Amino acid sequence: MSQTLQAVRGMNDILPDEAEIWEHFEDIVRDWLRSYGYRPIRMPIVEPTPLFKRAIGEVTDIVEKEMYSFEDALNGEHLTLRPEGTASCVRAAIQHNLVAGHGPQRLYYQGPMFRHERPQKGRYRQFHQIGVEALGFDGPDIDAEHILMCARLWEVLGLEDVSLELNSLGSAEERAAHRAALIAYLEQHRERLDEDGKRRLYTNPLRILDTKNPELQAIVEAAPRLADYLGEESRAHFDAVQLFLKDAGIPYRINHRLVRGLDYYNRTVFEWVTTRLGAQGTVCAGGRYDGLVAQLGGKPQPAAGFAMGVERLLALWRESGAEPERAIPDVYVVHMGAAAQRLAFRAAETVREHGFDAVLHCGGGSFKSQMKRADGSGAAVALVIGEDEAAAGEVGIKPLRGPGAQQRVTLEALPETLAMLMFSEEDEDEDDFDEGARDGGV
């Protein structure tokens, strides 16, 4: 007996009940993004490996340990399943001359990303992100817009316990000065650093500040702060971002240890975090990356963006009590006999042409079992076609969710009769609502 095959660990199936919730969430997100003027872009899942090495940084965890990279046996190309979306989006913008040829771009994308790491709750090998990128926009206003956008989405979703952390990484020159001071300081405590800290000391010392090792917290707290190395221009930019947030009433905490895990960030960086998801508490993060376009071979352009983890946001959404409504058809078509089945196909297509959602019963079964399926579907109406209806060229209409007798109509009269029936039910619901409102029950 052959072994049953399973999905790759950390790459999960999303079954219909769950997938409907995903689609509902994605509909909300698309409406939200459109309301801010962002347009969709779709990039390949597989990209040249050098793209991520150049953009993310050779000594980051993602490039060193987490990328799914391989050599294409067909032509020897070195390829990688994308671990994040910003580098791909910038590559596409450069390749197709989006910014230089058409002006600043507000873009968004969604889809799977891949990182080879130990799967745990909220962290998977195939995970999904929604990314937002603003290319060609200078100044603190776009930074603030991104943060305000997120706050708006949390409000729309009804999320609770999501807080904003903010920092500035300054310019490349300011980071270089701080980096030198940080290395000099950490060298004095080299013997107390853990293995990861020693490995990063000369390659990526900023990431040591983000350590979760409790034994290093005292060393990290006393380390030189990047804020003390910011020049006048960087300070003014950061102050302006904060002013926009204060004007909008968005609370935040400045976290001097917030550095992000990717090399391309500069100036404003932010994270939205929660305590409701255990160790994987970041649900959205981003900031400015003004040097990345030039770094990837394009004409220098300012840029900023952020990404949200869909799995984590959905978990948080459910924690906050969200239960999206299940998709329910308007009608369910039951039938018995060969002639009735042929008429059932025509009836289903007729009502669909007039804007109704219809499920046509397939696979046979008795009228009783089919009606049980019809009731379980949640449909308001069953279209019933037996031998008598088929011989007369008529369709039975049976209300499933309220009063009303079954009636028979011709195929031509079906859409209008169905519309009158459905609209009358909606009117009854509205009357119930009004009565409840008058009684103080709503």
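The following legends describe close-up views of a predicted model.

Local features are given where pLDDT is at least 70, side-chain atom pairs count only at pLDDT 80 or more, and totals for chains, interfaces and linings use all residues. Residues are numbered from 1 along each chain as its sequence is written, and side-chain values use heavy atoms, with hydrogens and water left out.

**View 1**
The strands follow the order E1-E5-E6-E11-E10-E9-E7-E8, with mixed pairing. Strands (E, at least two residues) and helices (H or I, at least four residues) are DSSP runs numbered from the N terminus, and two strands pair if DSSP finds at least two bridges between them. Strand E1 (39–40) and strand E8 (253–254) are the edge strands, each pairing on one side only. E1 runs parallel to strand E5 (residues 105–114), to which two bridges join it. Opposite Pro 40 stands Tyr 108 in E5. Helix H4 (residues 86–95) packs on the sheet and touches E5 and strand E6 (126–135); contact means heavy atoms within 4.5 Å. The direction of H4 makes about 45° with that of E6, where axes are lines fitted to C-alpha atoms, for helices over the stretch in contact, and angles run from 0 to 180 degrees between N-to-C directions.

**View 1. The crossing of helices H2 and H4.**
The axes of helix H2 (residues 49–56) and H4 come within 10 Å and cross at roughly 110°. H2 is therefore roughly perpendicular to H4, a class that covers 65 to 115 degrees, while angles under 35 count as roughly parallel, over 145 as roughly antiparallel and the rest as oblique. H2 contributes Leu 51, Phe 52 and Ala 55 to the contact, and H4 contributes Ala 87, Ser 88 and Arg 91. These residues divide into four nonpolar, one polar and one charged. In this classification Ala, Val, Leu, Ile, Met, Phe, Trp, Tyr, Cys and Pro are nonpolar, Asp, Glu, Lys and Arg are charged, and the others, Gly among them, are polar.

**View 2. The largest nonpolar core and Tyr 289.**
A nonpolar core is a set of buried Ala, Val, Leu, Ile, Met, Phe, Trp, Tyr and Cys residues joined through side-chain atoms within 4.5 Å; buried means under 20% relative accessible area, exposed over 50% and partly exposed in between, with a 1.4 Å probe and protein chains only. The largest such core has 45 residues, of which Ile 41, Val 90, Leu 135, Leu 186, Tyr 289 and Leu 292 touch the most other members. Elements giving two or more residues to this core include H2, H4, E5, E6 and helix H7 (172–187). H4 supplies the largest share, five residues. Leaving aside neighbours within four places in sequence, Tyr 289 is in contact with residues including Thr 86, Val 90, Glu 133, Leu 135 and Tyr 264. Apart from this core lies another, of 43 residues, among them Phe 25, Leu 159, Trp 272 and Met 308.

Gly 298 is found in the loop between H11 and strand E11 (303–309). Gly 298 is buried, with a relative accessible area of 15%. Its C-alpha atom is separated by 8.7 Å from that of Ala 93, 205 residues apart along the chain. Beyond neighbours within four places in sequence, Gly 298 is in contact with Ile 94 and Val 293.

Six of the seven residues of strand E7 (residues 162–168) are buried, so E7 is largely enclosed by the rest of the structure. Seven bridges join E7 to strand E9 (residues 266–274) in an antiparallel pair, with Ser 168 opposite Thr 268 in E9. E7 and E8 run parallel and are joined by two bridges; Leu 166 has Ile 254 in E8 as its bridge partner. E9 and E10 run antiparallel, joined by six bridges. Cys 284 in E10 is the bridge partner of Trp 272, and Cys 284 also stands opposite Met 308 in E11.

**View 3. The five-stranded open sheet.**
This sheet has the order E13-E12-E14-E15-E16 and mixed pairing. Its edge strands are strand E13 (358–360) and strand E16 (407–410). Five bridges join strand E12 (residues 331–335) to strand E14 (residues 381–385), and the two run parallel. His 335 has Ile 385 in E14 as its bridge partner. Helix H14 (residues 367–377) packs on the sheet, touching E12, E14 and E15, and its direction makes about 175° with that of E12.
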